[in-house]
Amino acid sequence: MQTLTNKRVLLGVTGGIAAYKSAELVRRLQDQGADVRVVMTRAAAEFITPLTLQALSQNPVHTELLDSETESAMGHIELARWADLVLVAPATADFMARLVAGRGDDLLTTLCLAAECPLAVAPAMNQAMWANPSTQQNCTSLADRGIHLFGPGAGLQACGETGLGRMLDIEEIVIQTAGLFTSGVLAGRRVLITAGPTREAIDPVRFITNHSSGKQGYALATAAIEAGASVTIVSGPTHLDPPDRANCVFVTSTNEMHNAVQEAVLDVDIFIGVAAVADYRPVSVSEQKIKKSAAPSNKGITLELVENPDIIATVANSEPKPFTIGFAAETENIMEYARQKLVAKNLDMIIANDVGDDDIGFNSDQNRTTILWPDRTEALPMMSKSALASRIIELIAETVEKDD
Ligand code: CTP
């Protein structure tokens, strides 16, 4: 299971011989699901080229504080805001001294000053430099300020001496990095969510749709991301900003949603169908706007509809089947219809809600639902769509764990 899914690690590299190991560190952090950006000091660039770390991290490497081009792209404040963790590995004695002094004379120290996220340093230096009282005092100051110290380790050093001061093994740095984050209940799981309405064209200016706002689906995506999952949303048209860190696929019609889901579902563990999918579409879409004059006088017109694919039923009957959760939007006989859908569509869980009630329906920020499993039900009190999303994610995680 990946331990750093969705985490943004800003890796600072300073000028010691251990800088060559930072290339491996980028890779191992990515293996654990982290998004890695690299900032190097000028001295670090004497030991390993920015190009190497750029190619590995797949992001531009930042080196200069006063560079108008990089500042306009992603300056020190943006970098500091972007990061969930600033990890400096290797951290030289000089860098630690500058960090203690609160200097801001290069990009890395400046962004450390600006960063409000946790900060960790992995010292790497000669054993005598490590043992020096100044360095030891600096370490104590950093620890007192809540800065995490990873290592150093002991052993043979590049200078030929033996003792404390080697940078910790990369594997150990990755483990300690992951240990700084409490892993969520869906850590490492891959989740696919459909959200919003779908829209079926009648002619170039008209369509059939429904009142779904997409709020519940987007809230679930955000809750799943916060719980450590990597999330893809296949979304119909909404007015919402997509959740940060979700992979989004935007579609319009049911057939487009069906195709996007078929493609994305291949490597997911959990599928949540929140979309209010249009069950029918016009048999044919008129190429031109349908004119009122086309109808025989006083007769009205008839729109012939054909059934759309059932997206969630296709997913729930595929092999291998992801853990599949549906939503039942009903206006009457809510529990009865929800249970019928749970069984008929081969779902593992279904969330029933009353969309006939304006206070908790499609466009409301509140929702009151009952959750059904094949063998039990649980009624949840009225709550905001985001609180409900967190509760649903907890219940999904508990059920998935039991099934594992
Ligand atoms: N759903 C789907 N594809 C469809 C219709 C529905 O994936 N073509 C999913 C919805 O995303 C939801 C669940 O099926 O998770 C139930 O949707 P709902 O509209 O309540 O049920 P329908 O099957 O459309 O039945 P009815 O309209 O008769 O209530």
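How far is an oxygen atom of the ligand from an N or O atom in the side chain of K341? I get 2.7 Å.

Ground rules first: I'm in a predicted model, where local features need pLDDT of at least 70, side-chain atom pairs count only at pLDDT 80 or more, and totals for chains, interfaces and linings use all residues. Residues are numbered from 1 along each chain as its sequence is written, and side-chain values use heavy atoms, with hydrogens and water left out.

**Ligand site.** I find 14 residues around the ligand (a heavy atom within 4 Å of it). The closest are G273, A275, I312, K341 and K345. I also checked the side chain of K345: one of its N or O atoms is 2.6 Å from a ligand oxygen. A ligand nitrogen lies 3.0 Å from a backbone N or O atom of P309. On its own the ligand has 570 Å² of accessible area, and the protein covers 77% of that (Shrake-Rupley method, 1.4 Å probe).

**Helix α10.** I170, I173, V174, T177 and A178 are buried (under 20% relative accessible area, 1.4 Å probe, protein chains only).

**Helix α6.** Here I noted A93, F95, M96, R98, L99 and V100 as the buried residues. Just after α6, G102 has a positive phi of about 70 degrees.

Terms used:
Buried < 20%, exposed > 50% of the residue type's maximum accessible area, 1.4 Å probe, protein only. Helix = DSSP H or I, 4+ residues; strand = E, 2+ residues; numbered from the N terminus. Polar contact = N/O pair within 3.5 Å; in protein donor to acceptor, adjacent residues only side chain to side chain.
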